[in-house]
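I open this notebook to keep track of what I look up, one entry at a time, going from the whole chain to a single element.

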Amino acid sequence: MAYAAKGLYAQLCKEEISHLERYLKGIQYWGLYELSLLANIGHRLSPEFIEYLIITLFSNPTAYAKTLYYRVLLQRFLYKMVLAYCDRGQSLAAQMLLEKSEQLFMPGDILDRVKRSFAKSYYTHTFVDPQKGKKEMLELLRCLLKIGATEVHATLKREYTRKMAQKNRSEK
């Protein structure tokens, strides 16, 4: 838990990541605690381990799709990973996770759909058409304000601002 908390605010060293990966690899049944760890620090794990986790977790996606809290945590992990893969230039991995996230949706999962839409727009911005992706993200942010979803707007606006600043730095 300490590594997960640290991983939210700072980089983890290789030894800490390795320790987390060993712990997560030993999990036979993923519950709220384990999925919470994954949702919060999954994007810090090694690409090889992420691949292992995706195979493991999606060998039986209905086990997670049936329970709201499991679905939300798994979607949060996928959302963060799509953004991370985009930043790493891994188009195919990001696309695969966007497709996998579709398997978990239930009709009322509006927040997850909003986050997926943001991730998909960021994917478009990164790999397909920067102007179109940016327009889609800004349109989503405007829509959130219009419907009064101020907390979600603030969260995604911070992510948008961070991602655009990151892109601008890398282009210089």
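How many of the 172 residues of the protein, in percent, count as buried? I looked this up before anything else, keeping in mind that the model is predicted, and found that 42% of the residues count as buried.

Entry on the fold. I went through the secondary structure and noted 10 helices and 0 strands, so that, read from the N terminus on, the elements run α-α-α-α-α-α-α-α-α-α. I then looked up the radius of gyration, which is 16 Å and close to the 16 Å that the globule rule gives for 172 residues, so the protein is as compact as a globular protein of that length. Along the principal axes, the C-alpha atoms fill a box of roughly 45 × 40 × 30 Å.

Entry on contacts. I took the contacts between residues at least 6 apart in sequence, and noted that 61% of them join residues at least 24 apart.

I found an accessible surface of about 9,900 Å², with 56% of it belonging to carbon and sulfur atoms. I also noted 27 positive and 17 negative side chains, the centres of the two sets lying 4 Å apart.

Notes:
Residues numbered from 1 in each chain as written. Predicted model: local features only at pLDDT ≥ 70, side-chain atom pairs only at ≥ 80, totals over all residues. Heavy atoms only, no water. Helix = DSSP H or I, 4+ residues; strand = E, 2+ residues; numbered from the N terminus. Rg over C-alpha atoms; globule rule 2.2 N^0.38 Å. Buried < 20%, exposed > 50% of the residue type's maximum accessible area, 1.4 Å probe, protein only. Contact = heavy atoms within 4.5 Å. Areas by Shrake-Rupley, 256 points an atom, 1.4 Å probe, with all protein chains shown as cover. Lys, Arg positive; Asp, Glu negative; His and termini not counted. Charge placed at Lys NZ, Arg CZ, Asp CG, Glu CD.
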